[in-house]
Amino acid sequence: MIPNSTQYLNADPAGIAAAADLLRQGLLVAFPTETVYGLGGDARNGEAVAAIYAAKGRPSFNPLIAHVASVEAAKRYVEWSDNAEQLAAAFWPGPLTLVLPLRAGHGVSSLVTAGLETLAVRVPAHPTARALLSAVDGPVAAPSANPSGRISPTTAAHVRAGLDGRIAAVLDDGPCSVGLESTIVGLVGTPALLRPGGVALEQIETVLGTRLAHHKPGDLLTAPGQLLSHYAPDAPVRLNATERRGDELLLGFGSVDCDRNLSARGDLIEAAANLFAYLHELDGTGRPIAVSPIPSEGVGAAINDRLRRAAAPRNS
Ligand code: TXA
Ligand code: MG
């Protein structure tokens, strides 16, 4: 069911209760997480999940993350393991997604997993997300709340710009603190990094006491969602720029003369939180965007991953 008007709900108890009701009815609600706004639908309801794909215009081979309120809730849907226990103890609730084997009787729509035998699960840290998930008391499938392939939303205004009129409601709780999607770790076989994100690779390897295998870009079998051209602004994007060329606007990092600075003091955490908002803002001018070099340690690896996708040749 596609509503023709989208409700904007405050993230107070009444708004959260209304959002939970809409989700239980099989409707779509965008909600804040600490990483980006998610476009939520009941993961057990195939029609709701189909509506997510339709609202985003998302390729159907791209599986979704199931969001749950607690570790106990996650264990209802996936086969738990020692590695999962270690990572959940260290990073949940938080910006980490674990891919684990589906458990018998899981009840999750095969549209969520795109037919895979595994499920990506995450317990977000954002208090509003947690309250909503507790109220729904079931898995909520939620990709980032943006049209497929476009810049991810870190404010309710970004969601409105991309999905207004296509979803039932947006639960507005201001900007997201992390600003980059979760790190995805595959725990089927050898632990593997499937997508860099809000938790740094180094921290995960320290907790597991082992190096992670790395997903190869474009390897659709291990990370079906990793289309190369993703997070794309309308304008062309040029990376590792040390100055503006022609009509370009410069998205800076560190002490550079620029149009927007991800972090003037060179702080990668601050840069991650600002990344999508500044890309949205510069993109709104219609001018080409140049981006300063960003160091690749810590969360910088995820920032560079998103920037490479923003700059990649577009798939139509
Ligand atoms: O921070 C986040 O993770 C945000 C917020 C809303 O939680 N969500 C998000 O979802 O980024 P999405 O749908 O944009 O990205 C999900 C990624 C995709 O690249 C998808 O291919 C991968 O997770 N994924 C989902 N299920 C998978 C599975 N079973 N195996 C491998 N990769 C999977
Ligand atoms: Mg996304």
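**Exercise 1. Which residues does threonine 113 touch, not counting residues up to four places away in sequence?**

Solution. Threonine 113 touches Pro63, Leu102, Thr118 and Leu119, with residues up to four places away in sequence left out; contact here means heavy atoms within 4.5 Å. The model is a predicted one, in which local features need pLDDT of at least 70, side-chain atom pairs count only at pLDDT 80 or more, and totals for chains, interfaces and linings use all residues. Residues are numbered from 1 along each chain as its sequence is written, and side-chain values use heavy atoms, with hydrogens and water left out.

Helices (H or I, at least four residues) and strands (E, at least two) are DSSP runs, numbered from the N terminus. A polar atom of the threonine 113 side chain lies 3.3 Å from the backbone oxygen of serine 110.

**Exercise 2. Is threonine 113 buried or exposed?**

Solution. Buried means under 20% relative accessible area, exposed over 50%, and partly exposed in between (1.4 Å probe, protein chains only). Threonine 113 has a relative accessible area of 4%, and is therefore buried.

**Exercise 3. Describe how helices α4 and α8 cross.**

Solution. Two packed helices are described by the angle between their axes and the distance between the axes. The axes of α4 (residues 82-91) and α8 (residues 201-208) come within 10 Å and cross at roughly 125°. Axes are lines fitted to C-alpha atoms, for helices over the stretch in contact, and angles run from 0 to 180 degrees between N-to-C directions. Therefore α4 is oblique to α8; angles under 35 degrees count as roughly parallel, over 145 as roughly antiparallel, 65 to 115 as roughly perpendicular and the rest as oblique.

The contact involves Asn83, Gln86, Leu87, Ala90 and Phe91 of α4, and Gln203, Ile204, Val207 and Leu208 of α8.

**Exercise 4. Which backbone features occur at proline 93, aspartate 137 and asparagine 240?**

Solution. Most residues other than glycine have a negative phi, and most peptide bonds are trans. The peptide bond from tryptophan 92 to proline 93 is cis, with omega near -5°, and proline 93 lies in the loop between α4 and β5 (96-101).

Aspartate 137 has a positive phi, near 55°, in the loop between α6 (127-136) and β7 (140-141). Its relative accessibility is 49%, so aspartate 137 counts as partly exposed.

Asparagine 240 has a positive phi of about 50° and belongs to the loop between β12 (237-238) and β13 (249-252). With a relative accessible area of 55%, asparagine 240 is exposed.

Technical notes:
Chains lettered and ligands numbered in written order. Polar contact = N/O pair within 3.5 Å; in protein donor to acceptor, adjacent residues only side chain to side chain.
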